Amino acid sequence: MSFGAAPAAPSHNPNKDVEVPNAATDGISCVTWSPTSNLLAATSWDNQIRVWDVQANGTAVPKAATSHDAPILDCSFSADGGKVFTASPTVPFTPRSQYL
């Protein structure tokens, strides 16, 4: 590389970052991985929970999405990875889960 030339873009991904399609349109409030698979769940202030299946090559495939009547502040997978539980400041409190 000569002086003043722009450095070449790295061709590797040392942090193993994954870019997900159909990302949230507002702030992310929670991100969690399934304990049994490569499912990634994210909740946000746009009232949505989205789940992606992250492939071995680093691509993320949309798996499921649903919405609440208010922002979703937290999420957690069940121990078997078959459900996602969400928490939202709705009144009255109604726990919700999404089967995957």
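**Cysteines, strands and cores**

The sulfur of Cys 75 lies 3.5 Å from the closest cysteine sulfur, that of Cys 30, which is too far for a bond. A disulfide is taken here as a pair of cysteine sulfur atoms within 2.5 Å. The structure holds zero disulfides. Cys 30 is accordingly in no disulfide, its nearest cysteine sulfur being that of Cys 75. Cys 75 counts as buried because its relative accessibility is 6%, and Cys 30 is buried with a relative accessible area of 12%. Buried means under 20% relative accessible area, exposed means over 50%, and partly exposed lies in between (1.4 Å probe, protein chains only).

The model is predicted: local features need pLDDT of at least 70, side-chain atom pairs count only at pLDDT 80 or more, and totals for chains, interfaces and linings use all residues. Residues are numbered from 1 along each chain as its sequence is written, and side-chain values use heavy atoms, with hydrogens and water left out.

The protein has seven strands and zero helices. Both kinds of element are DSSP runs numbered from the N terminus, with at least four residues for helices (H or I) and at least two for strands (E). Along the sequence the pattern reads β-β-β-β-β-β-β.

Four strands form an open sheet in the order 1-2-3-4, with antiparallel pairing. Strand 1 (28-33) and strand 4 (60-67) stand at its edges with a single partner strand each, so one side of each has no neighbour in the sheet. From one strand to the next, the twist averages 20°. The axes behind such angles are lines fitted to C-alpha atoms, for helices over the stretch in contact, and the angles run from 0 to 180 degrees between N-to-C directions. Two strands are said to pair if DSSP finds at least two bridges between them.

Within this sheet, strand 3 (residues 48-54) pairs with strand 4 in the antiparallel sense over seven bridges. Asp 53 stands opposite Val 61 in strand 4. The hairpin of strand 3 and strand 4 has five residues between the strands, and Gly 58 takes a positive phi near 95° there.

Strand 5 and strand 6 also run antiparallel, joined by four bridges. Here Cys 75 stands opposite Thr 86 in strand 6. Their hairpin has five residues between the strands as well, and in this hairpin Gly 81 takes a positive phi near 75°. In a regular strand the side chains alternate between the two faces of the sheet. Strand 6 has a covered face, made of Val 84 and Thr 86, and an uncovered one, made of Lys 83, Phe 85 and Ala 87.

Which residues make up the largest nonpolar core? The nine are Cys 30, Leu 39, Ala 41, Ile 49, Val 51, Ile 72, Cys 75, Phe 77 and Val 84. Strand 2 (39-44), strand 3 and strand 5 (74-77) are the elements that give two or more residues to this core. Another core lies apart from it and has five residues, among them Ala 42, Trp 52, Val 54 and Ala 60. A nonpolar core is a set of buried Ala, Val, Leu, Ile, Met, Phe, Trp, Tyr and Cys residues joined through side-chain atoms within 4.5 Å.

Thr 32 is found in strand 1. Thr 32 counts as buried because its relative accessibility is 19%. Leaving aside neighbours within four places in sequence, Thr 32 is in contact (heavy atoms within 4.5 Å) with Leu 39, Leu 40, Ala 41, Cys 75, Ser 76 and Phe 77.

Gly 27 sits in the segment before strand 1. With 30% relative accessibility, Gly 27 counts as partly exposed. Beyond its neighbours within four places in sequence, Gly 27 is in contact with Thr 43, Ser 44 and Trp 45. Between the C-alpha atoms of Gly 27 and Asp 46, 19 residues apart along the chain, the separation is 7.4 Å.

Thr 90 belongs to the loop between strand 6 (83-87) and strand 7 (96-99). Thr 90 has 24% relative accessibility and therefore counts as partly exposed. Thr 90 and Ile 72, 18 residues apart in sequence, are 9.4 Å apart C-alpha to C-alpha.

Of the protein's 100 residues, 27% count as buried. Among contacts between residues at least 6 apart in sequence, 35% join residues at least 24 apart.
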